[in-house]
Amino acid sequence: MSDIVRNEAVNAAGVVSEGAPAPRVAAARRRRPHYLLAISVLSVVIVLGLWYLSTERGWVSPVFLPKPGRVLSEAAANLASGQLLTDIWMSTQRVLLGFLLAGAVAVPLGIIMAVWAPAKAAFDPFVSLLRPLPSITWIPLTMLWLGIGESQKIAIVFMGSWIYILLYTIESTKRVDPLLIRAARNLGAGDLDVMLHVILPGALPGIIAGLKVTLAISWSCVLSAEMIAAQNGLGALIWQGKDWGNLALVLVGMLCISVVVLLADKLAEMLERALLPWERHQRS
Amino acid sequence: MTGASLPILAACNVTKAYTTGKDHALVAVENLSLDIHEGEFVCLLGASGCGKSTILNMFAGFTQPTAGEVLLRGKPIRGIEPRCGMIFQSYALFPWKTVRANVEFGLKMKGLARSERRARAAAFIEMVNLAGFEEHYPAELSGGMQQRVTIARLLAADPEVLLMDEPFAALDAMTRQVMQEELLNIHERSRKTIVFITHSIDEALILSSRLFVMSARPGRVKAIIANTLPTPRHISVQVSPEYGALKSQVWNLIESEVRRHGAQAAD
């Protein structure tokens, strides 16, 4: 046996090299260069500075844009009273319940539709009809059926989310490499084995990507539902601010949404990395 | 390996036609017959487009012949046949499974206990010189190493026949040579029947005990050549006069087919 086989070494990037360089190099997690980070910080500082200057100097009326200080004190007051945290928690809870319910229905259904043509034929007409409907168009019907309580908000999130999860699931299930399915069957795998060992793990990255996109959509659904009819939640908070002419409160609500959705995204990314350890080495 | 015994694999008057988009039938293989005996290392050699892969796919049961029959130990192959294990040119490793889990896959499908799987997989990983890489994912390995994982995976599943569809085509020349020697060693040790597709005369001569020269599309067996080069074989056989004679004999057979196929492609 040749030395080429024996002299395998692991280089810094974790890629094993032998005689020839590896065709795919593991994605080295490169940090952004410092000067680019500085530019991002600077650009935020400039915009905040302009906001501060234009409101302090009276270039812009506080009726249209409150001072940054007002927004901060509004946020502090709402935090102290506990109202803000309650609103954040209520919205988050509605999003999570509606989103999880949508995932629990749409992921299995999508997989079945992708692998079994009759199921696809049965559900396709409804998917086509329901897909163009924005979730707010479900508000009248859901209010009639469910009232204006929690279940109605959850239903709105569900109706706005499940179709996207379904479409992503179908798409990524269909894209599983048929060669891998062949290889599995050639190694003695039955239908259930192919499903568990090939189709599910093969579709998982696409399904998770779809869930991440849909989570942001679920948030926009809950906010529109809360603006129309809710006692609490970030949507209701923003709408109250508007009714009371309290623009600072509106901005506090908007800022909270951004932060919460960003955090949710980061959390989803961490979960993704934990669930898909092999993806780190894929595509560089 | 007497001619009288039942061939392990056989194709009897096999024709395979594909219907392409515009009702055109593309005849990949026409009226092809061949016998392969247990323990042989057979190379199917031919220009691209001579239906070599089609034959292999029929032996694996991935496709069925349009006419005629493919037989495994005298019985027709009707569905995907795990007794004829396939090595794909593009490896077809499961990217979400580690080297160990990939190699264990066939054993798991057979319902072996975990400890048993571990032990057997370890032996085959050792055999293809990948000990120490059990917990790596395929994407962390070079092409040559990935191909060795597929070989270990297939050997662990213990099929009766190894079907190899240009398995080393994607490798660089040096790695390919190492892999060829490895494969000869594996064949020596396991005495498995191997059907190996290649369009490299050198590869066919180094590896095979018998080689089938294929005609251009539609594919047929043009000549069967017993490879008389001494075994166990080493790369150095390439400088022997017998090798040169055999190579020019094969090339004479194949040259007209290559030109004919080139003319077809130009239509």
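Colleague: At what angle do helix 4 and helix 9 of chain A pack?

Modeller: This is a predicted model, where local features need pLDDT of at least 70, side-chain atom pairs count only at pLDDT 80 or more, and totals for chains, interfaces and linings use all residues. Helices here are DSSP runs (H or I, at least four residues), numbered from the N terminus, and axes are lines fitted to C-alpha atoms over the stretch in contact, with angles from 0 to 180 degrees between N-to-C directions. Helix 4 (residues 83–115) and helix 9 (residues 191–228) of chain A have axes 8 Å apart, and the angle is about 145°.

Colleague: Okay, and how many nonpolar residues does that contact have?

Modeller: Contact means heavy atoms within 4.5 Å. Helix 4 of chain A brings residues including Phe99(A) and Ile111(A), while helix 9 of chain A brings, among others, Leu211(A) and Trp219(A). By class (Ala, Val, Leu, Ile, Met, Phe, Trp, Tyr, Cys and Pro count as nonpolar, Asp, Glu, Lys and Arg as charged, the others, Gly among them, as polar), there are four polar and two charged residues, and the nonpolar ones number 13.

Colleague: Moving to the chains, how much area do chain A and chain B bury between them?

Modeller: Residues are numbered from 1 along each chain as written, chains are lettered from A and ligands numbered from 1 in the order written, and side-chain values use heavy atoms, without hydrogens and water. Buried area is the accessible area (1.4 Å probe) lost on putting two parts together, summed over both. Here 67% of it is on carbon and sulfur atoms, and the total is about 3,400 Å².

Colleague: Which helix gives the most to the side of chain A that touches chain B?

Modeller: Helix 1 (3–6), helix 8 (178–186) and helix 9 of chain A each supply at least two residues. With seven residues, the top contributor is helix 8 of chain A.
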